[in-house]
Amino acid sequence: MQTSSKSGVLYALTAFTLWAIAPIYFKEMSFVPAQEILAHRVIWSFLLVLALIFILRYSKALVTVLKSPKILAAMLVSTSLIGFNWGTFIWAVQNNQMLSASLGYYINPLISILLGVIFFKEKLDTIRKAAVLLCFCAVVFEIIQFGSLPWIALALSMTFAFYGLIRKKIAVDSFTGMAIETAIMLPFALMYLTLSPSPTSNIFDNSASVNWLLFAAGPVTMAPLMCFAAAANRVSMVTLGFFQYIGPTGMFFLAVFLYDEPLSSEKLTTFVLIWSALAILIFDSIRRLRKVPDAYKNSP
């Protein structure tokens, strides 16, 4: 059990670290339109996940889902959400909005808490109310300071939170879900590449190095997903939750220290409000974890 837990932590660290540095790839691919990278991400992810399903023998689960119209209908919605999320993220990275993308993924856990209250009737205690209130203050502060909604951050956080909600409702494993979602997007990706006037859209006209970079969109998507799936089977979701902040933190440091995105005092104030909210959540999670062993000790 201890070995399993240690390997789970390692898988989790790997998954979230890969997600944290993924913007480097999308930044380097700025010579290719965001929509085109999204199309390649869909195509190569689909082929890779399909191969993995047969290698790991997930085909039975895939057939089961394909026979359920109700689940497939839900996955049409989840596909729209993750497709929009991927496209927005790539566009944000390429257009020097990585700080906004980072903010979005920091906000995501707080949006998920609200969705849990609305859809799963979860109780919102005082500590979590304070965290959500701080998040709300951060958004209001952005509107007052910059005169507009932080739409990139909100789009990323909302789409990913609702995506997680739907996937939790239908309880489809990561590989099966990714196979179906990329399969749904596949015709649109192929159509885009066929009709696009972009000079890199035709892989037969590209150099081998460009094509390898385009193909890398698949592994960039699938590698952290595989590690995350392995981690989820080895550690608790509470433990896994502590690692989710590695991704946006990595994006924040990349944006400020590698790509020199301007971090004004106003923008920093927004982040401080969100970080404060997350610090409250982390404190609350640690408090809850400490209560579990005590409960075991006091049990007959």
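Helices (H or I, at least four residues) and strands (E, at least two) are DSSP runs, numbered from the N terminus. This is a predicted model, in which local features need pLDDT of at least 70 and side-chain atom pairs count only at pLDDT 80 or more, while totals for chains, interfaces and linings use all residues. Residues are numbered from 1 along each chain as its sequence is written, and side-chain values use heavy atoms, with hydrogens and water left out.

**Overall fold**
- The chain holds 13 helices and zero strands.
- With a radius of gyration of 20 Å, close to the 19 Å that the globule rule gives for 300 residues, the chain is as compact as a globular protein of that length. (The radius is taken over C-alpha atoms, and the rule is 2.2 Å times the number of residues to the power 0.38.)
- Along the principal axes, the C-alpha atoms fill a box of roughly 65 × 50 × 35 Å.

- α7 has 20 residues and reaches 28 Å from its first C-alpha to its last, close to the 28 Å expected at 1.5 Å a residue (the expected span is 1.5 Å times one less than the number of residues).
- Ala 171, which follows α7, has a positive phi near 55°.
- The end C-alpha atoms of α2 (residues 34-55) are 31 Å apart, which agrees with the 32 Å that its 22 residues should span at 1.5 Å a residue.

**Packing of α4 and α5**
- The axes of α4 (residues 69-94) and α5 come within 7 Å and cross at roughly 140° (axes are lines fitted to C-alpha atoms, for helices over the stretch in contact, and angles run from 0 to 180 degrees between N-to-C directions).
- Asn 85, Phe 89, Ala 92 and Val 93 of α4 make the contact with Met 98, Ala 101 and Tyr 105 of α5 (contact means heavy atoms within 4.5 Å).
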